[in-house]
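Read it with the model open beside you.

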Amino acid sequence: SRGLGDVYKRQIFYVGVVLAIAAWLLPLFIRLRLLDKTAQDFGRGNLTVRLPDNKMSYIKNIETEFNTMAERIQQLIKDNKLLSRAVSHDLKTPLARLRFGLETLKEEERKDRREIYHERIDNDLDKMESLIYTLLDYAKLDDAYIAINKKTINFVDFINAEESRLNPTSSANVAIAVSIPQAGAVMVSFDEHYLCMIFHNLVINAINHANKHVKLSV
């Protein structure tokens, strides 16, 4: 009877070990199943699905990385749609002008007028090229490791220089005016390349929608 009792004790011990391991593995199994289901839903196109936060989860780091990845993919898709709409919208105007200019150029016989149309077509091509470079730069901004080269510049000098470049390309009915502070110097720290992108986008948009004047104040 003593040997039989020892067998029962060992069986109870092993059963207890198995139950303890099962109790320890059950939360892990539940979270893995949830991760599998969430990943499948995300793969089917439900980009808003996320893993609920659980501080006691054994795979919390994996779950956090999955949610971060899902958030980034969702944002990339949003940015891609935004970029597509921007390309479609902003290229329509210069393309329409090019088509109109080419058609007019075919019909125009006067040399002086043909030169004017040539110049306008060149300007529209420059605008399209500038837009394409801007969109490419915008796409690069998604890179987490993009190099920002900041330096201190006089913002007033920057505005005056960029305004002189934009004025000749603006519509004949729209004039750009700059109002600067009496001190004549406003020092700021910027990456000049991306500051140019922002400035040109804002001012060209203003030119396209203005009636007669675009006023810039520093």
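**Basis**

This is a predicted model, in which local features need pLDDT of at least 70, side-chain atom pairs count only at pLDDT 80 or more, and totals for chains, interfaces and linings use all residues. Residues are numbered from 1 along each chain as its sequence is written, and side-chain values use heavy atoms, with hydrogens and water left out.

**Overall fold**

The protein has five helices and four strands. Both are DSSP runs numbered from the N terminus: helices are H or I with at least four residues, strands are E with at least two. Along the sequence the order is α-α-α-β-α-β-β-α-β.

Of the 218 residues, 23% count as buried. Buried means under 20% relative accessible area, exposed means over 50%, and partly exposed lies in between (1.4 Å probe, protein chains only). The accessible surface of the protein is about 16,100 Å². Carbon and sulfur atoms hold 59% of that surface. These areas come from the Shrake-Rupley method with a 1.4 Å probe; for residues, only the protein chains shown count as cover.

Contacts here mean heavy atoms within 4.5 Å. Take the contacts between residues at least 6 apart in sequence: 74% of them join residues at least 24 apart.

**A nonpolar surface patch**

F13, Y14, V17, I21, W24, L25 and Y58 form a nonpolar patch on the surface. Patch members have over 30% relative accessible area and no salt bridge; nonpolar side chains (Val, Leu, Ile, Met, Phe, Trp, Tyr) are joined within 5 Å, like charges within 9 Å.

**Salt bridges**

The whole structure holds seven salt bridges. The term means a side-chain nitrogen of Lys or Arg within 4 Å of a carboxyl oxygen of Asp or Glu.

| Pair | N to O distance | Relative accessibility |
|---|---|---|
| E71 and R50 | 3.1 Å | E71 44%; R50 22% |
| D53 and K60 | 3.9 Å | D53 60%; K60 29% |
| K151 and E192 | 3.3 Å | K151 42%; E192 29% |

The salt bridge between E71 and R50 links distant parts of the chain, 21 residues apart. E71 lies in helix α2, and R50 in the loop between α1 and α2. E71 counts as partly exposed because its relative accessibility is 44%. In the second pair, D53 is exposed, because its relative accessible area is 60%.

The salt bridge between K151 and E192 spans 41 residues of sequence. K151 belongs to strand β1 (residues 150–154), and E192 to helix α5 (residues 192–209). Salt bridges that share partners also join K37, D41 and R44 into one network.

L32 is in helix α1. At 42% relative accessibility, L32 is partly exposed. Its C-alpha atom is 9.5 Å from that of E63, which is 31 residues away along the chain.

L47 falls in the loop between α1 and α2 (60–107). Leaving aside residues up to four places away in sequence, L47 touches F42, Q74 and I77. The C-alpha atoms of L47 and E71 are 8.2 Å apart, across 24 residues of chain.
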